[in-house]
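Morning, everyone. Please have a look at the model on the screen, and then I'll walk you through a few parts of it.

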Amino acid sequence: MQFYVDGYRPGDPELRPAAPGREDQDLVPEEVDVLVVGTGPAGVVLAGQLAEFPGIRTMVVERRNGPLELGQADGVACRTVEMFNAFGLAEKLVREAYWVNETVFWRPDEQDSSKIVRSGRVQDVAEGLSEYPHVIVNQARMQDYLLEHMRKSPSRLEPHYGMEVTDVVVGLSGEYPVTASLRRMTDDGGEDVTVRAKYVVGCDGARSVVRRSIGVELLGDARNHAWGVMDVLAVTDFPDIRFKAAIQAAGGSILIIPREGGYLVRFYVDLGDLDPADRDARKRFTAESIIKAAQQLLHPYTLDVKDVAWWSVYEVGQRIADRFDDVLPQERGTRSPRVFIAGDACHTHSAKAGQGMNVSMQDGFNLGWKLAAVLEGRSPESLLDTYSAERQVIAQELIDFDLKWSSAMAAKPKDEAHPDAGGMDSEERQKIFVEGGRFTAGFATDYAPSMITGNDTHEHLAKGFPIGERFHSAPVIRLADAKPLGLGHVAQADGRWRLYAFADSARADAADSRLAAFCRFLAESPDSPVRRFTPAGADPDAVFDLRAVYQQGHRELDINQLPELLLPKKGLFGLVDYEKAFTPDLKSGIDIFDERGIDRLQGAVVAVRPDQYVANVLPLDAHQELADFFNGIMLAQD
């Protein structure tokens, strides 16, 4: 964490000075740049990113009267923890959370099918997939972290609670072409308010008013199969109550998810098929009936529920919006989107795979930096078309995965005496779980080539950083102070592009060093993306955060040998930023060049998007190719 660049200031360094005019935000503005509707997972991640840009006027509205107190989502994928690290929140998150280290599987006893026995155990996250664990923490707590981050930002961004959107209308012209009608709840009943915006993002759930306003439909079907879910404090002799447990009993299934704090446990209990003609079938379930079903399925073990913190019944179903913005297919390319939907507003599915909150947050993370780049005049409006193009594909993959996953979780045990009766044996069920591990950890996303994602022509130079996939961190040593850290952990959720330059085999001060020549190109050439797209008067790394990784150990290099661009002068006093150069962490036994397959002879440049996905891999001397890539993404600055 870096601070004091503009002068020493006592107190909490996370509480940054408020930007001018941002101290008082109680009044509802008439015009905003971005109106975010809803403070669910997608909304708070989106707002958390936009809060970093005080020059962008963001307004967040929430129909509840205050922050969420008890969330329904709880599973936090490794990828989501990586994203939280970019907000400076990962340490807080993993300290409070329950860590899912292993998952156990149970099936009916072959000698007595009324009883269950343990049938398998697997490591929950495959080795080497991420340096962060899969964790469990209440959705409300995660949202609290991001709301606090917003409050401490230069924007001092706070949601307007007790306000709901009733309609959104997109105009054809004007600086603020979107008109949002809102109703603010008061002691007298309510007050109608109108806000005009450049962009509106609907993060307002499965019954999204924003989605309906732009004529978008959720397509899909319910499966007419009910599950009860409850968070309980209970006494039990079931031996795996503090493990994630997938239980396949003769009468149905249970998924057990231990919660944070050491005592609370979530049960997903199979309640069977529902009669599609009986619309009130789900309403007849009670907390007591869910507990009774769980007790029967856990036999021969006992379950004494002492307290129910929360419970609900839901039907399994998968639905996805036919588009994620207001642009009709026949209009695509003729105008840019002005209204977007994210999270449950555009995709709904079962809860047991733990993907709803995670994928929703990635929706917000994908869109936030793009809106900021367009609103700050750094990128053309065409950048915004990539949101729907990228995230709808990911949502469809989630729907397909969830259908397979939820079917496996609900499958009855296979009866060997009656093979035609269907069902699934425990080994096949466990296999589906293991094969889905990369998806549930959040690492199945692979963005296709586009204006912000290149092709794989030079991917062989850095095999461990596949283009379109998330940038996979690895241990390094910071040259200036010998601090060990993860290279990916230096990236912040601040809208900047990352350029990771991995050195060639030449010495740092050698005349034929490709890395040195690359830095000279970025610093001096009129074709340099750094020179073309960094506004005059801004810090040298305001748009591109360049980081170099050398092959030598940190004691073999002199910091004075570094190119000037790796020692940028920043802030009010022109202070030197010494945190741009790294070396392998040889003490840990993991050399990043070997671990991530970097070509030691040629080196490589890995360009990474602001949302931490690899955009391109190029040779160090492919100067024009790098320039051409960013010429298609950014607008030249004065």
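Let's start with a sheet. Strands E3, E7 and E4 make an open, antiparallel sheet, in the order E3-E7-E4. Strands here are DSSP runs of at least two residues (E), helices are runs of at least four (H or I), and both are numbered from the N terminus. Two strands pair if DSSP finds at least two bridges between them. Strand E3 (75-76) and strand E4 (98-99) are the edges, each pairing on one side only. E3 and strand E7 (residues 135-136) run antiparallel and are joined by two bridges. Gly75 has Ile136 in E7 as its bridge partner.

A word on the source. This is a predicted model, where local features need pLDDT of at least 70 and side-chain atom pairs need 80 or more, while totals for chains, interfaces and linings use all residues. Residues are numbered from 1 along each chain as its sequence is written, and side-chain values use heavy atoms, without hydrogens and water.

Now helix H9, residues 426-435. Which of its residues are buried? Ser426, Arg429, Gln430, Ile432 and Phe433. Buried means under 20% relative accessible area, exposed over 50%, partly exposed in between (1.4 Å probe, protein chains only). Down the axis of H9, the buried residues fall within an arc of 155°, so they line one face. That arc is taken from the directions from the helix axis to the C-beta atoms. Glu427, Lys431 and Glu435 are exposed, on the face turned away from the buried side. The buried residues of H9 pack against several elements, including strand E5 (102-108) and helix H8 (385-410). Contact means heavy atoms within 4.5 Å.
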